Number of protein chains: 2
Amino acid sequence: MESAPLLSDVEQGLYLLKGISGADLDEVVNAGFPKILHPKSVLFRQGDLATMFFMVNHGRLKLSMMNEQGREVILRYISSGELTAAVAVLKGRNYPVTAVSVGKSELIGWDKPTLLRLMAKFSPIAVNMLNVVLERLDDLQNRYMELSTEQVKQRIARTLLRLMQRAGLKTPEGIQISIPLTRQDIADYSGTTLYTVSRTLSIWEKKDWIRSGRETIVITNPHALVAFSETG
Amino acid sequence: MESAPLLSDVEQGLYLLKGISGADLDEVVNAGFPKILHPKSVLFRQGDLATMFFMVNHGRLKLSMMNEQGREVILRYISSGELTAAVAVLKGRNYPVTAVSVGKSELIGWDKPTLLRLMAKFSPIAVNMLNVVLERLDDLQNRYMELSTEQVKQRIARTLLRLMQRAGLKTPEGIQISIPLTRQDIADYSGTTLYTVSRTLSIWEKKDWIRSGRETIVITNPHALVAFSETG
DNA sequence: ATCCTTGTTTGCGCCAGCGCAAAGACAGAA
DNA sequence: TTCTGTCTTTGCGCTGGCGCAAACAAGGAT
């Protein structure tokens, strides 16, 4: 196990830690266990008893579910400052999703007794946790509606735009999605198949809306993609 | 405006009011505004500023969203003791969904200042609100996965089973869903079309799994339906 | 009793999206 | 450099589900 990250390494504006600073922030961070995850390693699995919850300090986690037949559905990618499984730990439930590190990730984990102690001492933590849950419910309601009513191509467009907003990097060519994504990943996020994703991206590439390579997407014409995502 | 419901009329075991009893329960209920809704009348619309939140005392509300093209998606039916829009009010946001009374409903509504006052005075309220949100997120994640990975018939089966669990009444013939539902409603809940719902129900009726009429569904063979919903 | 509105069923044709299969492209390992 | 495993593309055929249209059914209102 590596040493706890330096305080200066802990990202500011974190969701969990919003409203906590100075010595308090120090205390909260030091009460947790630092954890390093290598690419593609599993942090926890859907169905396991939730004993620890985590905040991403650096890197990125993929949160997904599997159905009975083993088909994967990506619910979300989370990055610096975001939380996962806090509620499951608090309630003593099982993890509702599987969390996998995308690249190399650096996390801080807390167990339940620590969480309870910190929540009692630092009131912003409970509030911040509630906000996380609310924001996710809201997001999921919208995606549920999209999945229910929109065509596949439209949903793929929305997926790219969502990922662009959450993980976009400006480049001379356009905005690059900084998460390595296979066609299968995009399909699992959009509720379709890798073949349809591939065909769709090919079309958009010919239209110069995007530029794509192996696990790489650069959005060269966001405006066109937005228009398409809204009108089909 | 009619008078506040008698305390004896307020259902016990309510989600919002769990852990509150006696004079306290009285105080909370009396701080709200009673409201009677006639069948199919709109309580609030998606996009309106959320000024009041509600608890269903008797009856049932349909919570739905519309996409840009006007296609409706049913997110949930809620009944006695369940809450809606508490968070939107608390956060001063817009209602994220539209709420319509199914039959005649009796509600209690509270505004934001009252909510804040009650939350400060009665700590179970905040906890109960959090639990409502969590339960819905959990439910929605599962349905999102189903929508993403399962076939239409399977999803229709799951919809019937969900409604059966939440609104089932035992009858000599089987378990009847006590909500009047059109084929369109079932379609909006399952993410399909009224035609496909009609065809599917016809098939199941021939197999004697269900018995259906105008806005009526009786599940005569729940076991078969469960098996089908899990295996396709 | 009759009309009228709202809901239901089903035939029919269509097509968006699926998924196999096979070939090609890329990147890291050795 | 070559090999190997992973990822991507695209032709092809198929089908689940869509949606129009038209007939039928069930209440409620007058």
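Biologist: How many residues surround DNA strand D, and which are the closest?

Modeller: This is a predicted model, in which local features need pLDDT of at least 70 and side-chain atom pairs count only at pLDDT 80 or more, while totals for chains, interfaces and linings use all residues. Residues are numbered from 1 along each chain as its sequence is written, and chains are lettered from A and ligands numbered from 1 in the order in which they are written. A residue is near a strand if its C-beta atom, placed from the backbone, lies within 6 Å of it. For DNA strand D, 20 residues qualify, the closest being A:T182, A:S198, A:S202, B:Q151 and B:T196.

Biologist: Which elements give two or more residues to the surface near DNA strand D?

Modeller: Helices (H or I, at least four residues) and strands (E, at least two) are DSSP runs, numbered from the N terminus. Chain A gives α6 (183-190) and α7, and chain B gives α5 (152-167) and α7. With 6 residues, α7(A) gives the most.

Biologist: How do the residues of the surface near DNA strand D divide by type?

Modeller: Ala, Val, Leu, Ile, Met, Phe, Trp, Tyr, Cys and Pro count as nonpolar, Asp, Glu, Lys and Arg as charged, and the others, Gly among them, as polar. The surface near DNA strand D has 5 nonpolar, 9 polar and 6 charged residues.

Biologist: Which residues are the closest to DNA strand C?

Modeller: They are A:Q151, A:V152, A:T196, B:T182 and B:S202, out of 20 that surround DNA strand C. On this surface α7(B) gives the most, with 6 residues. Its residues divide into 5 nonpolar, 9 polar and 6 charged.

Biologist: What rotation superposes chain A on chain B?

Modeller: Copies are superposed by least squares on the C-alpha atoms of residues with pLDDT of at least 70 in both. Here a rotation of 180° with 0.0 Å of shift along its axis does it, at an RMSD of 0.0 Å. That is the relation of a two-fold axis.

Biologist: How many residues does the contact take from each of chain A and chain B?

Modeller: Two residues are in contact if their C-beta atoms, placed from the backbone, lie within 7 Å. Chain A and chain B contribute 24 residues each. On the side of chain A, β5 (72-79) and α4 (124-149) each supply at least two residues, and the largest share, 14 residues, comes from α4(A). That side comprises 13 nonpolar, 5 polar and 6 charged residues. Because 100% of the interface residues of chain A are also interface residues in chain B, the copies meet through the same surface.

Biologist: How many residues of α6(B) are buried?

Modeller: A residue is buried if 20 or more other C-beta atoms lie within 10 Å of its own, exposed if 12 or fewer, and partly exposed in between, with C-beta atoms placed from the backbone. In α6(B), 6 of the 8 residues are buried, so this helix is largely enclosed by the rest of the structure. They are B:D185, B:I186, B:A187, B:D188, B:Y189 and B:S190. Their cover includes β4 (60-66), β5 (72-79), α5 and α7 of chain B. After α6(B) comes B:G191, with a positive phi near 75°.

Biologist: Is A:Q165 buried or exposed?

Modeller: A:Q165, in helix α5 of chain A, is exposed, with 11 other C-beta atoms within 10 Å.

Biologist: What is the order of the open sheet in chain B?

Modeller: Two strands pair if DSSP finds at least two bridges between them. The 4 strands of this sheet run β1-β8-β3-β6, with antiparallel pairing. Its edge strands, β1 (33-37) and β6 (83-84), each pair on one side only. Between β1(B) and β8 (residues 105-111) of chain B there are 5 bridges, and B:I36 stands opposite B:E106 in β8(B).
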